[in-house]
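Please read them with the structure open.

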Amino acid sequence: PERVGGCALVCTGEESPEVIAKAVANAKPRLMLLRPKSQDGVTFLARRFFATIAVCDDAKAVPVMLWFRYPAVPGMTEDDVVIKSSADFGSLFVDSFGEGML
């Protein structure tokens, strides 16, 4: 059988529409990974990112996986992390932003 190839394009969410369009045209990725540098305002950053790729014809056809990180914070329990991550991912998925999460 033929092996499925391709690559993923990792974005921070801070890229301009021009940079994303050029990267998608050059790499022809099978999917994009949105991996913000920080968790501060990650939901707003993700919404801005999806608005940015919506204006790029080639990019809006590429599936986007959300790759958010939740580092240990003193005083934050595992339940707190579950609630925060559910709010972050859930609010985006409800609005049909993203195809999955890592």
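**Notes on the model**

1. In helix α2, the buried residues are Val42, Thr43, Leu45, Ala46, Phe49, Phe50, Thr52 and Ile53. The helix covers residues 42–54, 13 residues in total. From its first C-alpha to its last α2 reaches 18 Å, close to the 18 Å expected at 1.5 Å a residue.

2. This is a predicted model, so the confidence values should be read before the details. The mean pLDDT of the protein is 91, and 96% of its residues reach 70 or more. By element, confidence is highest in β3, at 96, and lowest in strand β4 (residues 100–101), at a mean of 86.

3. The overall layout is as follows. There are three helices and four strands in the protein, and along the sequence they follow the pattern β-α-β-α-β-α-β. The C-alpha trace spans about 45 × 35 × 25 Å along its principal axes. Of the 102 residues, 30% count as buried. Among contacts with a separation of 6 or more, 66% are between residues 24 or more positions apart.

4. What do the buried residues of α2 pack against? Their partners are the strands β1 (8–11), β2 (31–34) and β3 (64–66), together with the helices α1 (17–27) and α3 (78–94).

5. Threonine 43 belongs to helix α2. Its relative accessibility is 15%, and because buried means under 20%, threonine 43 counts as buried. Leaving aside neighbours within four places in sequence, threonine 43 is in contact with Asp88, Ser91 and Leu92. The C-alpha atoms of threonine 43 and alanine 87 are separated by 8.9 Å, although the two residues are 44 residues apart along the chain.

6. Threonine 52 also lies in helix α2. Is threonine 52 buried or exposed? It counts as buried, because its relative accessibility is 14%. Not counting residues up to four places away in sequence, threonine 52 touches Glu15, Ser16, Pro17 and Ile20.

7. Helix α3 has 17 residues. From first C-alpha to last, α3 reaches 23 Å, close to the 24 Å expected at 1.5 Å a residue. Just after α3, serine 96 takes a positive phi of about 65°.

8. Which residues line the largest pocket? The lining consists of Pro36, Lys37, Ser38, Gln39, Asp40, Arg69, Tyr70, Pro71, Val73, Met76, Val81 and Lys84. By class, six of the lining residues are nonpolar, two are polar and four are charged. The volume of this pocket is about 180 Å³.

Definitions and conventions. Residues are numbered from 1 along each chain as its sequence is written. This is a predicted model: local features need pLDDT of at least 70, side-chain atom pairs count only at pLDDT 80 or more; totals for chains, interfaces and linings use all residues. Side-chain values use heavy atoms; hydrogens and water are left out. Helices (H or I, at least four residues) and strands (E, at least two) are DSSP runs, numbered from the N terminus. The expected span of a helix is 1.5 Å times one less than its number of residues. Buried means under 20% relative accessible area, exposed over 50%, partly exposed in between (1.4 Å probe, protein chains only). Contact means heavy atoms within 4.5 Å. On a 1 Å grid over the protein atoms alone, a cavity is a set of points where a 1.4 Å probe fits but cannot get out, and a pocket is an open set with protein on both sides within 12 Å along at least five of seven lines; lining residues have an atom within 4 Å of a point. Grid points are joined across faces, edges and corners, and a volume is the space filled by probe spheres set on the points. Ala, Val, Leu, Ile, Met, Phe, Trp, Tyr, Cys and Pro count as nonpolar, Asp, Glu, Lys and Arg as charged, and the others, Gly among them, as polar. pLDDT is the predictor's confidence in each residue, from 0 to 100.
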